[in-house]
Amino acid sequence: MKLELKPEMSFNNMTDLLKKECTGYKVKLLKNPVARFQYIQVEKSPFVGIWIRVFENKGTVQLINTMPSTLARVPLLGLVVTFLLFAFTGPAQSKVRDEVAEIFGKAYGTKAI
């Protein structure tokens, strides 16, 4: 899901807002060690969460469904098991994504693109 980027939507502001609003989730500001970009990880469980990326040149904030745990993403048992994990966790990940989009909509007045 893509949201329009507002000037007040910095990583620190968004992280603080999510830590305050999403008390049942783990919220972390992280940096990719290889590509060197920052992102926010919102984790409900090792299998359910989202990543939040900011693309300033495009004026968007992207909410990406993911499995926050590195071990959960590794296809230890093969492609079929990984596919089944994504199939079963997809609706829960989308629910977290929609909750975060609603929080950003209320706090920053942003909307989906």
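Predicted model: local features only at pLDDT ≥ 70, side-chain atom pairs only at ≥ 80, totals over all residues.
1. Start with the overall layout. Five strands make an open sheet, and the pairing is antiparallel. Read across, the order is β1-β5-β4-β3-β2. At the edges lie β1, residues 2-4, and β2, residues 26-31. Each of these two pairs on one side only. From one strand to the next, the twist averages 25 degrees.

2. **The helix.** Helix α1 covers residues 11-21 and packs on the sheet. Which strands does α1 touch? The contacts are with β2, with β3 (38-45) and with β4 (48-55). The direction of α1 makes about 15 degrees with that of β3.

3. **β1 with β5.** Strand β5 runs over residues 60-66. β1 pairs with β5 in the antiparallel sense, over 3 bridges. To find this pairing in the model, look at Glu-4: its bridge partner in β5 is Thr-60.

4. **β3 with β4.** Here the antiparallel pairing extends over 5 bridges. The two strands form a hairpin, with 2 residues between them.

5. **Pro-46.** This residue sits in the loop between β3 and β4. Is Pro-46 buried, partly exposed or exposed? Its relative accessible area is 40%. Buried requires under 20% and exposed requires over 50%, with partly exposed in between. Pro-46 is therefore partly exposed. Pro-46 and Thr-66 are 20 residues apart along the chain. Their C-alpha atoms are separated by 9.5 Å.

6. **β4 with β5.** How many bridges join β4 and β5? There are 7, again with the strands antiparallel. Within this pairing, Ile-52 stands opposite Leu-63 in β5. These strands also form a hairpin, with 4 residues between them. In the turn, Gly-59 has a positive phi of about 70 degrees.

7. **Cover on β4.** β4 is mostly covered, with 7 of its 8 residues buried. In the strand order, β4 stands between β5 and β3. Helix α1 touches β4 as well.

8. **Where to look.** Begin with Glu-4 and Thr-60, for β1 and β5. End with Ile-52 and Leu-63, for β4 and β5.

Conventions: Residues numbered from 1 in each chain as written. Heavy atoms only, no water. Pairing = 2+ DSSP bridges. Axes fitted to C-alpha atoms, helices over the stretch in contact; angles between N-to-C directions. Contact = heavy atoms within 4.5 Å. Buried < 20%, exposed > 50% of the residue type's maximum accessible area, 1.4 Å probe, protein only.
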